[in-house]
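Subject: Structure handover

Hi,

Here is the structure for your files. My notes follow below it.

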Amino acid sequence: MSFLDLVEGPMFYIAATIFVAAGLWRLIGIIRIGRKPDISPAKGSATGGFIKGNLRHFFPRGIFARRTMVHILGGYGFHIGLFVLVFFGAYHIEFLDQRLLGFSWPALPRWGFLLAAEIAFIGLIVLWVRRISDPVMRLISDKDDHIGSWLTFLVMLSGAFAMEQAHDSLRATHMLLVNIWLIYFPFSRLMHAFTVVLSRGNSGATYGRKGMNP
Amino acid sequence: MQTHFHMIRNYLRLGVLMLLLAAFAAPLAAQSVRPPGNAVNLDDGREEGPSNTLGDVSDTQLWDNFRGGDPADFLAAAPEGQLMTTTGQQWRLIREQYIRKYLGWLPLVVIGLLAVFYLIRGPMKISAGRSGKTLPRFTLSARVAHWFMAAVFIILGVTGMIILLGRPLIGPYLGLEVNSVLSSASLQGHNLFGPVFIFALIWLFIKFVRGNFFQMVDLKWIFKLGGFFGGHVSSRQFNFGEKSWFWMVILGGILVSVTGVIMLFPGLVDDIRWLQLSTILHALGAVVLIAVAFGHIYVGSIGMEGSIDSMLKGEVDENWAKEHHDLWYEEVTGKSAKEETL
């Protein structure tokens, strides 16, 4: 078995299993904590607040929009770009089809894939350099934040390096980093990809029940 | 009419040549390629290639017609109907004999000079020491634009140097396979990050162009060699060195961007010599930028006490401002830098 076979085969399945199992473990654990009983009379809908809290935070408050523009554009650019290139890149669809799902869907043309990758890279780099450029952000950032950013960056960069598909070693390096990323993900703040719904919803529900806008 | 005749003649000659080659190649392919025992190699001083292909007609004349172009003029237009041009060969020679051979040394020379300067001069300390009071110098978005450009610059610099110098530097020591892998990876990464660099360049320009136009006060900076060898030099928000670096990045950045786009999309030009010229200018511009960037990094870090604060914290010590940017200090505080320092 070649190294590429290992990282695309057994190692990938183990990493994916850890990703799913540990991710679910954390999400179920958070949900099971539940909320403290609120005995005050409800002035609004907690469920409505949950939904509203999630949706409203997709848009910055007017007074902060200008001040946080770089952060907002970087964040949207990175997340949307990453989503598009992961799920609509021809290489990724082919891999998921053959190794995991057994079905495929239309892929982006190459130019679209490159554009998504460039937007994702711009967003990720902007977010990280902002983290180190802002004294407050620098202070509240810990190792986990930096490891998460760098690991994601290295996964993306190794993917970019392997695009020519001329060398198995480059593809294997990319897949090795993908596997490490999948294993690291559920134990780190990268979980915010899923927990964001719960945290925004929790705040939204609290405010919603009080009859306030989240 | 004459041009067409000339072209047809060349094609006929090429056809004859191809037929002759085929005629020679067919029996050779079926026979042993081992030369007879009494065969000798005669060195007639000519370049390698089929010889005596037209019997008594001059081979030199034939190859000259194939080659075409004017060897003395790199930018000369290729004669219509010519099958070969000399510019490709000249481009290859420039790339191999000058660009690859000498250009790669430039960043190393700069690093060496900086090391010597550091050993002799040491870091430029804030003579009055840190005051503990700070002045805001760069906004957060300006700092993000700067570090974003720095990150993209490093990625492109490393991948570009591997593409340019991988064969002579990596191949002989780590093997051609390693060089092939690194070059393939670098090329893909370089091509992907090229457009990102253009974005970074525009952002950098918008954020820093204000205050970077040259002024009369910059002449004093030039005459006093920036104060690197002693003495005080006045400057506004940016001194002559910083301004020069800014415009080098912008103009050099435009050069590498335009030439990079031409190489990424070769269909944009209809003459191969634009591509050849682009590869040379791209390498030249990029390596010069990389070399000077080391000087920028030196002054912005270990070379000058307090300067890195401006890009990490957005603030600088007041004494640093008085010493290096006294006119800017006076502008933003309304106080006299001289009186305060004295």
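A salt bridge is a side-chain nitrogen of Lys or Arg within 4 Å of a carboxyl oxygen of Asp or Glu.

This is a predicted model, where local features need pLDDT of at least 70, side-chain atom pairs count only at pLDDT 80 or more, and totals for chains, interfaces and linings use all residues. Residues are numbered from 1 along each chain as written, chains are lettered from A and ligands numbered from 1 in the order written, and side-chain values use heavy atoms, leaving out hydrogens and water.

Chain A
Chain A has 11 helices and 0 strands. Helices (H or I, at least four residues) and strands (E, at least two) are DSSP runs, numbered from the N terminus. The C-alpha atoms of chain A fill a box of roughly 65 × 40 × 35 Å along the principal axes.

The patch
Helices H3 (46–56) and H5 (69–88) of chain A each supply at least two of its residues. H3(A) gives the largest share, 3 residues. A:Leu55 lies in that helix, H3 of chain A.

Salt bridges
The whole structure holds 14 salt bridges over all chains. In one of them, the side chains of A:Asp145 and A:Arg131 meet at 3.8 Å, N to O. This pair links helix H9 (residues 143–161) to helix H7 (residues 110–133) of chain A, 14 residues apart.

The interface
Contact (heavy atoms within 4.5 Å) takes in 26 residues from chain B and 26 residues from chain A. The two chains bury about 2,200 Å² between them, 76% of it on carbon and sulfur atoms. Buried area is the accessible area (1.4 Å probe) that two parts lose on being put together, summed over both. Between chain B and chain A there are 0 salt bridges.

On the side of chain B that touches chain A, helix H5 (140–174) and helix H6 (176–208) of chain B each give two or more residues. H6(B) provides the largest share, 14 residues.

Best wishes
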